[in-house]
Structure formats: C-alpha cells, structure tokens
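Have your viewer ready and follow along, one selection at a time.

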Amino acid sequence: MDKFIINGGKKLYGEISISGAKNAAVAIIPAVVLCDEPCVIENLPRIRDVAVILAILEHMGAKIDRKSDSVVEIDPRGIKSYKVTCEGLVSDMRASYYLLGALLGRFHNALVPYPGGCSFCERPIDLHLKAFETLGANCEILFDKIKLESEKLTGATINFEIVSVGATMNAMLAAVRTPGVTLIEGAAKEPHIVDLANFLNSMGANIKGAGTDVIKIKGVDSLHGCTYSIIPDQIEAGTYMAAVAATGGDVLIKNVTPEHLKSIISKLRDTGTTVQEQDESVRVIREGELKACQLKTMPHPGFPTDMQPQFVALLSTATGKSRVMECVWENRFSYIPQLRKMKADIIDNGNVAYIHGRDRLQGAKVRALDLRAGAAMVIAGLAATGITEIEDIKYIERGYEKIIEKLTAVGADIRRVTVKEDVDESNLN
Ligand code: EPZ
C-alpha cells in the first residue's frame, strides 16, 4: 500500500499539461467493440482505469497495440463472443458497464459481470437497463452478472426521467447499429457525451444532437476504423485549478478546452481567484485572500459533482462561510471527516455542507476514500501547514496521470512512498 506524503504550504508556479479525459476514454475504448476494423485512439490518459478497460478488451480477444504513452491501436476483430469472463477486471471499475451497450449493439446479447468502481454511494443502473429494454432487449440481473438478450433490436424513443451520463452513453452504444431511428430524450450533455458521439460518427455512425437534451441516432449496418483524439480532461484541469487557488501562485494549465470549464472558472472567480481564458489553456492566479462562496452541483453545464470534494477542500481555507449543495449523488460527503482531521470546520447535513473557512489547514494522516475525495485530500495537503500523509492512493491513481510529476513541476513538495518508508511521525497529527 503506497502513500503520498505532502509537505504543504508551497505556492505553485509554472505550467501543467492536462491529459485526455478519463470519462471519455473509458466509454470510447469499449465502443471499439462495435467496429469492424482497427481504430487508433490518441490522447489517452495513462491511468489505471484505462489500463483495466484495455486489459478487459484484450481478454475478450481484441488486439491492443500501444503505439506510445498516449496512443493505442485496438483491433476488435478477434472478439467473437458476447460473454465477458474476466470478473476480477470488470468488477475493478464502474465504466465496464459500457460493455453492456457495446456488446448488445454488436451481438444483440451481452453477459457481463457486475461493475465495481468508486463506491461513494449507491450507484444504480436501472436507467441503463430501461434503455436496453426500450430497444427490445430482455435484461436479467443474475447473482453477479448482467444478462441482455434480444432476437432483434429496433430503434425507439428512450426517455430518461433522471439525467444520467452512463445511461445516455450506453443507450448510444446500443442504438448506433440498431435499425431505425432512436431518440434519447433527457440525455446528459457532458463533454464526454459529445466526444463519444464524435468518435462513433468518425466510424460512420449517424448521431445528431449530442450535447443537447435530445440525441437522434439513425442506425447503420457497420462501422469502419478511424483515428480519433480524446478531449482534454476537464475534471483533471479543474482539480489543478483548484489546487492553485488553494495554495496561491500562478500556473498555466495547458491542453484544455476552456468552454468545458465555464462553471468551474465562474466559481473560482467567486473565490477571488483570477482565471484568464486563452485558446487552449487557462492561467490561474491567486494572490489575495480566498473568499467563501455558494455552489450547487448539477449535470453539465452546471457545476460538476466530480469537482465538489476538491472545492470543499479549497473553501475550507476561504474567509467566511461557504455552502455546498450536492444535487447529483445522494451522498457524496463521506470524505468530510478526513478533512476534519486536518482541522477543517465543516458541518454536513444531508446533501448540504456548511464550511466555515479557517486561515490554514493542518497536515494530518488521511485516506483517499475514492478518486475525487482523494484529489480533495491532495489539495488540502498542498495548502496545509506541515506534513500530510494520504493512504489508499490507488483511488487517486485510477484517474490522475502522473499527478506527482505534474505537481512537483510547479513547486509542490509531494512524493509517493511505499509503505515501509519511515515518515517523520513528529510532524503528523
Ligand atoms: C458518471 O457516472 C461518471 N463516471 C462519474 O464520475 C460522475 O460523477 C457522474 O457521471 C455524474 O457526472 C463515469 O463517467 C465513468 P450518472 P455515472 O448515471 O454515469 C442516478 C468520477 O469521479 N442514476 O450520471 O455512473 C444516480 O444515482 C466518477 O470520475 C439512477 O438513478 O453517473 C445519480 O444520482 C465518479 N439510475 C445520477 O443518476 C441509473 O441507472 C447521475 O448518475 C443511473 C444513474
């Protein structure tokens, strides 16, 4: 079990380059199952979740050829069965549920072990199954697997009463080769939805309206190979932007799409942080004191839930009282006791957290409870006085490529240690 050790209190200066978007990559890779030829995917983040989904495809018979750190060629022609048998890998990540839509779209059947992943709260998949059923599949949840069967799928209108990223993507995957027209109403609008649609269209799909509430898909018979570059990760970018705001400093965040960062930029400005938008980068400067603010998570284009823990960490050192309301997940505040170990003054009640900012957090021994909660601990540790030791960093590493290298390059004092290494306990609280 490895750890991060942070000696906090250093301002950050320099440049950070953002990797490809995790939540786009983990849908685009399974989408290759629908294709009849090899595809080259560029700007892939080198993170654990991507390694796992590639390993699953390889286990299913695809040929994976790593061209470089961020480019991979996937040849799906060796995938002959709709049954996925590598339970260990599938249950290691949430996004393995995209195999359901992809296999159903390709083979009209799917048998996939139940997905795992970050479990900060209950993560149902009823909307995914409803979409498959609307297209004509029978869905059955077995003891540890999900089974989809169909004689024939037909385009239909799928109406989601809750906006769901995963269900929207899975409906797109299932519909893309399904005869007829499929309408997805109440669709999610996140940048990774548009990215998946662009990828599928690059392979010859006919998808319109991605990024709006209604997506229209005309089924096609086959999909051809393509070369496609994944969009930059807006949550990785937002995390480093919040880190600079928390520590103070001046950092140019490169390889981003500023349009995808609008809600994050707006909230950072509310805290008194300067954000200058450029063509494919944003410059974040924080010199004066941080101000408290109010925020509410919402599906895109609202403030992303995947930035909520990082902002709670940031606001823990802002002057005044902040209020953060979580409106996407039922309970995403389970990490707050970890921040309290660092002397953060936070009261959470249901889906609202009230944060009474204090001058400085204090380094402590904390755990990364999930990916974004872990990112919040990193931000808190960077801004705190003294040493912070973060355990369970495997969660952080599922979503942040080269986090140590990127932060060290801008002046952070952070390192990764194996458990046996001695830590100066006198500095820990
Ligand atoms: C995706 O999860 C992301 N994961 C999550 O990011 C992110 O938090 C979430 O979207 C919201 O933006 C991936 O893309 C792999 P949802 P997803 O379906 O698709 C309810 C991260 O840290 N719902 O949009 O699983 C659900 O309970 C991860 O990178 C149902 O009721 O989320 C929630 O309240 C964590 N039934 C809401 O919809 C369903 O069948 C939104 O969830 C599905 C969802």
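Begin by selecting I41, I56, I74, F199 and L200: of the 82 residues in the largest nonpolar core, these touch the most other members. A nonpolar core here is a set of buried Ala, Val, Leu, Ile, Met, Phe, Trp, Tyr and Cys residues joined through side-chain atoms within 4.5 Å. Buried means under 20% relative accessible area, exposed over 50%, and partly exposed in between, with a 1.4 Å probe and protein chains only.

Before going on, please note that this is a predicted model, in which local features need pLDDT of at least 70 and side-chain atom pairs count only at pLDDT 80 or more, while totals for chains, interfaces and linings use all residues. Residues are numbered from 1 along each chain as its sequence is written, and side-chain values use heavy atoms, leaving out hydrogens and water.

Now keep I56 and show its surroundings. Which residues does I56 touch, not counting those up to four places away in sequence? They are V84, C86, L89, V90, M93, S96 and L99, where contact means heavy atoms within 4.5 Å. Next, select V256, V312, L339 and M377, which are among the 70 residues of a second, separate core.

Zoom out to the whole protein. Its C-alpha trace spans about 65 × 45 × 40 Å along the principal axes. Colour by secondary structure and you can look for 14 helices and 23 strands; these are DSSP runs, with helices being H or I of at least four residues and strands E of at least two, numbered from the N terminus. Buried residues account for 58% of the 429 residues. Among contacts between residues at least 6 apart in sequence, 72% join residues at least 24 apart.

Is D279 buried or exposed? With 70% relative accessibility, D279 counts as exposed. Leaving aside residues up to four places away in sequence, D279 touches V256 and P258; V256 is one you selected in the second core. Draw a distance from the C-alpha of D279 to that of I41: the two are 238 residues apart along the chain and separated by 23 Å.

Finally, select helix α1, residues 22–31. Here 10 of the 10 residues are buried, so α1 is largely enclosed by the rest of the structure. The buried residues include K22 and N23 as well as V26, I28 and I29.
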